[in-house]
Amino acid sequence: MPTLSLAVLPIRRLTPRDVTACADLSEDRGWPREEHKWGLLLAAGQGYGIDDPEGGLVGACVVTEYGPHGRPDLSAVGMVLVAERHARQGVGRRLMRHVVAGAGTTPLTLFATSNGRPLYEELGFKVTGRAEMLRGRFLPDVSETGVSTRAATAEDLVSILRLDAEVFGSDRTHMITRLPAFSDRIRVAYEDGRLLGYAAVWPNMETHVVGPLIARDTRTAKALVSALAEGGDRPLRTDIDVRHEELLAWLKERGLEAVGSNAVMTYGVPDLPGDWTRRFAPLTVAAG
């Protein structure tokens with residue numbers, strides 16, 4: 001298909017009915033299908049795609065808005081994918097320009113692979129950090145952290161939402177309230193009736209992904225990860241802010257290995273809002 005015809009194909013909003021087509025696109029590029037994750041992103045965020053007249057999608061991406069409804073103060077961009085047969089024809093650039101134009105004055109953030117980073121830099125995104133992806137069989141830690149955790153209940157939701165907004169720097173109620181149905185387990189850490197942190201683990205193909213991971217300190221983060229890993233039968237995967245060096249070293253001691261990294265990039269804002277010292281891992285790099 002010539003480039004000219006690609007340029008005139010309309011960009012449309014994707015819906016949860018497009019999960020299979022999005023998963024096919026992931027698979028086409030050598031990524032895992034990740035239908036479970038696509039389902040969350042298309043339900044909580046705004047998907048954009050270009051239909052291929054010959055079937056499937058030419059390309060797709062998802063934007064997840066945070067903050068007051070209708071007046072977001074931050075949007076996360078993820079899952080920017082172009083079918084292999086249409087690669088290097090400007091489709092990704094066109095999708096991203098559509099996203100940037102649609103965002104207006106709303107700041108944007110994304111996690112960039114080394115392949116995608118040049119395009120984002122061309123569009124004005126700046127690198128503000130880095131996250132390291134770890135994967136492996138978690139070895140139980142016999143040492144005591146001194147932090148107690150328990151399974152989250154419905155009564156914890158208000159406290160979780162309050163802490164999450166404080167640490168993340170924006171209200172993401174529409175995403176966090178989907179966690180109980182999306183994840184396999186959610187743990188909370190309390191001390192004297194005060195919420196110290198929370199974390200979830202959710203299924204993604206053959207792994208369990210730990211995220212979000214929000215905690216008062218590294219000791220609390222370790223306790224939450226250990227509790228989530230207990231009894232699990234899949235390898236763990238997570239994306240840790242590289243500034244949390246102690247947690248990264250501990251996870252590697254516990255059997256996880258670095259399998260990649262992503263640059264954290266922002267557009268329209270010099271850095272991410274919130275408190276990075278308590279933000280250890282995102283829910284998913286596709287949604288910030």
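These legends describe close-up views of a predicted model. Local features need pLDDT of at least 70 and side-chain atom pairs count only at pLDDT 80 or more, while totals for chains, interfaces and linings use all residues. Residues are numbered from 1 along each chain as its sequence is written, and side-chain values use heavy atoms, with hydrogens and water left out.

View A. The whole structure holds zero disulfides (a disulfide is a pair of cysteine sulfur atoms within 2.5 Å). The closest cysteine sulfur to that of Cys22 belongs to Cys61, and at 9.7 Å it is too far for a bond. Cys61 is likewise in no disulfide. Cys22 is buried, with a relative accessible area of 0%. Cys61 is also buried, at 0% relative accessibility. Buried means under 20% relative accessible area, exposed over 50%, and partly exposed in between (1.4 Å probe, protein chains only).

**View B. Helix α9 packed on helix α10.** Helix α9 spans residues 218-229 and helix α10 residues 245-253. Helices (H or I, at least four residues) and strands (E, at least two) are DSSP runs, numbered from the N terminus. The two axes lie 10 Å apart, at an angle of about 30°. Axes are lines fitted to C-alpha atoms, for helices over the stretch in contact, and angles run from 0 to 180 degrees between N-to-C directions. From α9 come Thr218, Ala221, Lys222, Val225 and Ser226; they meet Glu246, Leu247, Trp250 and Leu251 of α10. Contact means heavy atoms within 4.5 Å.

**View C. The two sides of helix α10.** Leu247, Leu248, Trp250 and Leu251 are buried in α10. They lie on the same side of α10, because they cover an arc of only 165° around the axis. The arc is that of the directions from the helix axis to the C-beta atoms. Glu245, Glu246 and Glu253 are exposed on the other side of α10. The partners of the buried residues are β6 (126-136), β10 (207-215), α9, β11 (236-241) and β13 (279-281). Gly255 follows α10 and has a positive phi, near 110°.

**View D. Ala229 in helix α9.** Ala229 is part of helix α9. Its relative accessibility is 14%, so Ala229 counts as buried. Neighbours within four places in sequence aside, Ala229 is in contact with Phe138 and Leu236. Glu132 is 97 residues from Ala229 in sequence, and their C-alpha atoms are 19 Å apart in space.
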